[in-house]
Amino acid sequence: MKNHDNGNGYFGINLRYGGEMHRKSLSHTIWNTFAPQEERIYNWIEAGMQINHLDENPANNSFSNLKPCTPKENCNYGHHNERISAANRGRQMSDAQRQHISEALKGIGAKAVV
């Protein structure tokens with residue numbers, strides 16, 4: 001077993017079994033090891049679930065700091081929206097940028113009227 005940081009603070013592990021190397025998320029592995037059997041999730045992508053770090057520190061992989069959630073819940077948890085808002089505060093866009101965004105968003109969320 002070998003720990004590795006994937007560059008954004010989240011850790012993974014390389015497990016060698018059956019003569020093959022398998023890369024797994026450390027937080028997913030910890031959750032599936034210590035959670036009750038009925039709460040374990042083995043195919044995270046298929047289940048549409050992620051792990052939320054309650055203290056927002058991806059290096060803290062203690063079981064009490066982990067909670068499975070949907071991607072939407074994970075994005076809206078904690079101070080995420082505040083950080084995005086602070087990053088965009090005072091941002092000035094050129095007319096070309098506004099036009100580009102307008103074109104990119106046309107038709108998104110639109111419904112046909114009959």
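**Notes on the aromatic cluster and overall form**

1. Trp 31 counts as buried, at 5% relative accessibility. Here buried means under 20% relative accessible area, exposed over 50%, and partly exposed in between (1.4 Å probe, protein chains only). This is a predicted model, where local features need pLDDT of at least 70 and side-chain atom pairs count only at pLDDT 80 or more, while totals for chains, interfaces and linings use all residues. Residues are numbered from 1 along each chain as its sequence is written, and side-chain values use heavy atoms, leaving out hydrogens and water.

2. The whole structure has 2 aromatic pairs. Rings of Phe, Tyr and Trp (its six-membered ring) pair if their centres lie within 6.5 Å; planes under 30 degrees apart are stacked, over 60 edge-to-face, and the rest tilted. The Trp 31 and Phe 63 ring centres are 5.0 Å apart with planes at 25°, so this pair is stacked. Trp 31 sits in helix α1 (residues 26-34) and Phe 63 in the loop between β4 (50-53) and β5 (66-69), 32 residues apart. Helices (H or I, at least four residues) and strands (E, at least two) are DSSP runs, numbered from the N terminus.

3. Phe 63 is partly exposed, at 31% relative accessibility. Phe 63 also forms a tilted pair with Phe 34, at 6.2 Å centre to centre and 55° between the planes. Phe 34 is exposed, at 57%. Together, Trp 31, Phe 34 and Phe 63 make one aromatic cluster.

4. Stepping back, the protein has 5 helices and 5 strands, in the order β-β-β-α-α-β-β-α-α-α from the N terminus. Of its 114 residues, 18% count as buried.
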